Amino acid sequence: VLAGKFAAEASTGLAGNLRDAMYENIQHFSFSNIDKYSTAGLVTRMTTDVTNVQMAYMMIIRTAIRCPLMLVFAFVMAFVMGGQMAFIFLIVAPILGFGLFAVIRKVMPLFKKVFHKYDVLNNSIQENIKGIRVVKSFVREDYEKQKFDARNTDLRRASETAFGRVVINMPIMMLVIYGSIIAIMWFGGHMVDSGTLEIGLLTTFFTYVGQILVSLMMVSMIFMMLTRSVACGRRIVEVLDETPDINDDHCDTTARVKDGSIRFDHVYFKYDPNSPEWNLEDINLDIEAGQTIGIIGGTGSAKSTLVQLIPRLYEATKGSVSVGGRDVRRYSMEHLRDSCAMVLQKNTLFSGTVRENLLWGNENATQEEIEQACRIACVDEFIDRLANGYDTDLGQGGVNVSGGQKQRLCIARALLKKPKVLILDDSTSAVDMATDAKIRRAFATELKKTTKIIIAQRIASVCDADQIIVMDDGKISAVGKHEDLMESS
């Protein structure tokens with residue numbers, strides 16, 4: 001009873017610690033680290049893989065000491081009491097060991113494939129549930145079901161192959177074990193018949209034989225379970241050993257962003273270090289504090305990539321990016337990102353109320369500050385129409401609000417940080433022209449000291465900016481005011 005209790009506590013504790021450690025490390029990943037793993041893959045590692053390691057660990061700590069000790073002492077007593085008959089085990093043990101080694105060698109790569117199939121299946125489930133509205137609006141339920149069936153069948157076949165190899169160990173073990181018993185009966189029977197062995201000793205010898213064979217069976221089961229858990233463990237360790245590409249190793253923890261001035265000095269960047277082409281090439285920019293900067297360009301011109309270098313979501317490959325007159329690498333990431341609020345292209349709200357989502361920007365914000373941010377972002381236009389105002393539950397991912405309302409809530413959340421630099425990455429694309437204009441006017445009057453960087457597809461959204469940057473294929477094509485660019489660009 002105590003063995004079961006302590007084994008359960010130890011194994012669940014290990015699983016909890018592993019999940020905590022993985023989750024904490026993931027929180028420190030930069031965008032480039034996150035790009036290496038699929039969301040479904042990380043979820044599988046933190047659930048299925050950890051559970052497999054937990055079960056193996058519980059099995060091991062209950063049997064890993066007891067079974068080998070039982071095996072060793074039973075072997076010793078078998079040789080003491082059985083004499084020459086005990087030499088049968090010297091033949092049996094290598095056969096079992098070789099069979100076990102052969103099975104494990106074949107199974108290890110198969111389990112690696114199985115867990116990759118788990119990732120693919122979970123990814124299919126995640127995509128389908130997340131995009132269920134799109135699936136239903138396009139009447140693609142049958143297609144999604146077929147896709148899921150194909151991936152599920154893939155996983156089943158891979159699992160059948162892997163576990164089919166594992167179970168080969170059992171008939172090999174049974175064949176050897178029962179062969180040993182028959183051999184002992186044969187030689188023992190002749191020895192009793194010839195008077196060289198007493199019946200009592202033979203009976204006692206069978207008792208030790210039983211202990212040896214049970215111990216061998218348990219050790220074999222441990223190795224089989226370890227085979228699967230080692231494959232899981234390696235996937236877990238990959239996440240634990242992943243070193244964040246961006247860290248605070250060279251920062252000055254006392255450094256503070258004094259203003260919103262920004263400078264790009266011969267900046268080059270590429271997502272893949274081995275890629276021959278640059279995503280950003282020789283970027284030189286000087287932005288004064290408090291300016292409004294518009295960025296336009298075709299799809300794939302690296303507009304989002306450019307602004308993501310400012311709060312160090314990605315690190316410049318060559319050159320330097322400065323904020324407030326200091327290289328961004330000299331600030332702690334926490335302080336830099338608090339000073340540079342960014343509303344990403346993909347707007348994300350979390351489960352909870354409107355107020356809880358807004359307080360992500362500043363958990364200590366007063367009601368007055370919340371209302372001011374909402375007024376600038378034009379959230380006040382619709383907040384009264386929600387069932388419970390600021391205490392309205394948004395549901396999972398903000399399903400209870402429209403795309404334009406979601407964008408405005410995300411802008412208000414960023415404003416609550418009172419940043420030195422505010423970056424809007426195409427964050428007003430879902431709002432109407434009139435609301436877009438109201439938000440820009442509010443920025444001009446309420447955020448005079450804040451540097452505003454607005455990425456937009458509509459020229460109307462940036463035509464009154466102090467500077468407009470035109471991006472083309474990772475390079476700056478032109479910089480200037482709207483009137484000048486109309487003539488020259």
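The questions below ask how labels were assigned in this predicted model.

Q: Why is arginine 312 called buried?
A: Arginine 312 has 2% relative accessibility. Buried means under 20%, so arginine 312 counts as buried.

Q: Why is glutamate 315 called partly exposed?
A: Its relative accessibility is 23%. The class partly exposed lies between the buried limit of under 20% and the exposed limit of over 50%, so glutamate 315 belongs there.

Q: What makes arginine 312 and glutamate 315 a salt bridge?
A: The N to O distance between their side chains is 2.7 Å. A salt bridge needs a side-chain nitrogen of Lys or Arg within 4 Å of a carboxyl oxygen of Asp or Glu, and therefore this pair qualifies. Side chains of opposite charge can pair when their charged atoms come close.

Q: Which parts of the chain does the pair of aspartate 154 and lysine 117 link?
A: Aspartate 154 is in helix H7 (residues 141-166) and lysine 117 in helix H5 (residues 88-130), 37 residues apart. Aspartate 154 is partly exposed at 36%, and lysine 117 is also partly exposed, at 25%.

Q: Why is lysine 418 placed in its accessibility class?
A: Lysine 418 has a relative accessible area of 55%. Exposed means over 50%, so lysine 418 is exposed. Glutamate 369, at 22%, is partly exposed.

Q: How many salt bridges does the structure hold?
A: The structure holds 23 salt bridges.

Q: Why can isoleucine 65 belong to a nonpolar surface patch?
A: Isoleucine 65 has 60% relative accessibility. Patch residues need over 30%, so isoleucine 65 passes that cut-off. The patch is about 670 Å², and its other members include Leu69, Val72 and Phe73. Isoleucine 65 is found in the loop between helix H3 (39-63) and helix H4 (66-82).

Q: How do you know that strand S1 pairs with strand S2?
A: Five bridges join S1 (residues 262-269) to S2 (residues 280-287). Pairing requires at least two bridges, so the strands pair. Phenylalanine 264 stands opposite leucine 285 in S2.

Q: What makes strands S4 and S5 a pair?
A: S4 and S5 share two bridges. The requirement is at least two, so this antiparallel pair meets it. Valine 323 has arginine 326 in S5 as bridge partner, and valine 323 in S4 also stands opposite isoleucine 262.

Q: Why are S2 and S5 called edge strands?
A: The open sheet has the order S2-S1-S4-S5. S2 and S5 each pair on one side only.

Conventions: Residues numbered from 1 in each chain as written. Predicted model: local features only at pLDDT ≥ 70, side-chain atom pairs only at ≥ 80, totals over all residues. Heavy atoms only, no water. Helix = DSSP H or I, 4+ residues; strand = E, 2+ residues; numbered from the N terminus. Patch = residues over 30% accessible without salt bridge, like charges linked within 9 Å, V, L, I, M, F, W, Y side chains within 5 Å. Areas by Shrake-Rupley, 256 points an atom, 1.4 Å probe, with all protein chains shown as cover. Buried < 20%, exposed > 50% of the residue type's maximum accessible area, 1.4 Å probe, protein only.
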